[in-house]
Amino acid sequence: MMELGAQMFTLRDYTQTEQDLDFSLGEVAKMGYKTVQLSAVGPIPAEKLRELCDKHGLKIVLTHWNPDRILNDTEAVIKEHEIMGCDYIGIGMMPKKYATPEWLCHFAKDYKEPAKKIAAAGKLLMYHNHNIEFQKFDGKLVIDTLLESFSPDELGFTLDTYWVQMGGADVCAWMEKLGDRIPCVHFKDMAVKGWEPIMAPVGEGNLPWEKILQTLEKTGKTKYILVEQDVCQESPFVCLQKSFDYLHGLGYN
């Protein structure tokens with residue numbers, strides 16, 4: 001059964017100090033979440049991050065860590081994740097210089113060695129997509145180049161439902177294609193306000209959630225559903241609660 005967690009990036013304005021993070025984690029635990037992804041938190045040591053999450057009964061299952069540190073200080077990053085008890089080390093966004101036809105190939109050249117070190121430590125480097133990975137360079141999707149550049153044990157993907165949709169792609173088709181390479185997924189919904197797409201709590205937009213969940217259950221390789229909402233139309237705490245309630249109503253917790 002997939003476990004339901006909160007992507008703390010949603011609450012990034014409320015996680016920049018130990019005191020604020022402590023309060024926010026407590027609120028997330030009260031909502032019913034059992035796991036979290038740590039992303040964009042303040043400069044807090046790994047030991048303290050683990051202590052605060054343990055205090056509120058929350059397991060750290062994924063991070064978005066500094067890509068420069070993953071590249072240049074790999075062993076220290078691995079050690080920090082061992083302290084946090086976290087197996088998935090995430091890159092939240094491709095560093096800008098790689099997102100060009102001339103430099104995309106350098107992403108694999110640069111991150112291959114860190115990926116191998118992370119795998120040797122029993123962990124997995126994870127890549128989180130936005131919509132830019134669904135653009136084509138020389139007739140080929142960026143995400144396909146990434147898939148082919150790393151083996152499954154070197155790079156996993158944190159598939160983000162909203163950004164796949166924004167990329168003009170089929171969410172369920174990509175879940176099937178990625179198969180065993182998506183141990184973690186990001187759930188956020190897409191609604192419409194006037195002429196513009198907006199992010200919404202899960203279940204309040206237009207993504208086909210029951211079909212998405214059926215697809216993930218069928219492939220059977222996803223461990224963690226992580227709710228995220230980068231931009232909220234109301235309190236981000238309220239948005240996380242609404243998403244939890246919807247998914248809990250479908251049988252997930």
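**Figure 1. Loop residues with positive phi.** D138 lies in the loop that connects β6 (136-137) with β7 (140-141). The model shown here and in the following views is predicted. Although D138 is not a glycine, its phi is positive, at about 55°. D138 has a relative accessible area of 79% and is therefore exposed. A second residue of this kind is A40, found in the loop between β2 (35-39) and α2 (46-55). The phi of A40 is near 60°, a positive value in a residue other than glycine. With a relative accessible area of 35%, A40 is partly exposed, because this class covers values between 20% and 50%.

**Figure 2. The strands of the barrel.** Eight strands close into a barrel, and their order is β1-β2-β3-β4-β5-β8-β9-β12. The pairing in this barrel is parallel. On average, neighbouring strands of the sheet are turned by 30° against each other, direction ignored. In general, strands of a sheet pair through backbone hydrogen bonds, either parallel or antiparallel. Strand β1 (residues 3-7) runs parallel to β2 and is joined to it by three bridges. Within this pairing, A6 has V36 of β2 as its bridge partner.

**Figure 3. Strand β12 and its partners.** Strand β1 is also joined to β12, by four bridges, and the two run parallel. Here the bridge partner of G5 is L226 in β12. Strands β9 and β12 likewise pair in the parallel sense, over four bridges. In that pairing, C184 has Y224 of β12 as its bridge partner. Both faces of β12 are covered. Y224 and L226 are buried on one side, and I225 and V227 are buried on the other.

**Figure 4. Helices against the sheet.** Helix α9 (residues 209-219) lies across β9 and β12 (224-227). The direction of α9 runs at about 180° to β9. Strand β1, with its three bridges to β2, belongs to the sheet on which a further helix packs: α8 (residues 171-178) touches β8 (155-160) and β9 (184-187). The direction of α8 makes about 165° with that of β8.

**Figure 5. M126 and its surroundings.** M126 is found in strand β5 (residues 124-128). Its relative accessibility is 1%, so M126 counts as buried. Not counting residues up to four places away in sequence, M126 touches L62, Y88, I89, G90, I91, L155, G156, F157, T158, P183 and C184. I198 is 72 residues from M126 in sequence, and the two are 26 Å apart in space, C-alpha to C-alpha.

Figure 6. Y33 counts as buried at 1% relative accessibility, and F244 is buried with a relative accessible area of 5%. The rings of F187 and W209 have their centres 4.7 Å apart and their planes at 45°, so this pair is tilted. F187 in strand β9 and W209 in helix α9 are 22 residues apart, and their pair also links distant parts of the chain. Both F187 and W209 are buried. One aromatic cluster is formed by Y98, F107, Y111, Y127, F150 and F157. The charged end of R12 sits over the ring of F9, 4.1 Å from its centre.

Figure 7. In soluble globular proteins, nonpolar side chains tend to be buried together. The largest nonpolar core of this model has 72 residues, and W174 and F187 are those with the most contacts inside it. Helix α5 (residues 104-120) gives the largest share of this core, six residues. Not counting residues up to four places away in sequence, F187 touches T161, M175, V202, W209, I212, L213, L216, I225, L226, V227, E228 and L247. A second, separate core has eight residues, including Y88, L124, C184 and Y224.

Technical notes
Residues are numbered from 1 along each chain as its sequence is written. This is a predicted model: local features need pLDDT of at least 70, side-chain atom pairs count only at pLDDT 80 or more; totals for chains, interfaces and linings use all residues. Side-chain values use heavy atoms; hydrogens and water are left out. Buried means under 20% relative accessible area, exposed over 50%, partly exposed in between (1.4 Å probe, protein chains only). Two strands pair if DSSP finds at least two bridges between them. Axes are lines fitted to C-alpha atoms, for helices over the stretch in contact, and angles run from 0 to 180 degrees between N-to-C directions. Contact means heavy atoms within 4.5 Å. Rings of Phe, Tyr and Trp (its six-membered ring) pair if their centres lie within 6.5 Å; planes under 30 degrees apart count as stacked, over 60 as edge-to-face and the rest as tilted. A charge sits over a ring if NZ of Lys or CZ of Arg is within 6 Å of the ring centre and within 35 degrees of the ring normal. A nonpolar core is a set of buried Ala, Val, Leu, Ile, Met, Phe, Trp, Tyr and Cys residues joined through side-chain atoms within 4.5 Å.
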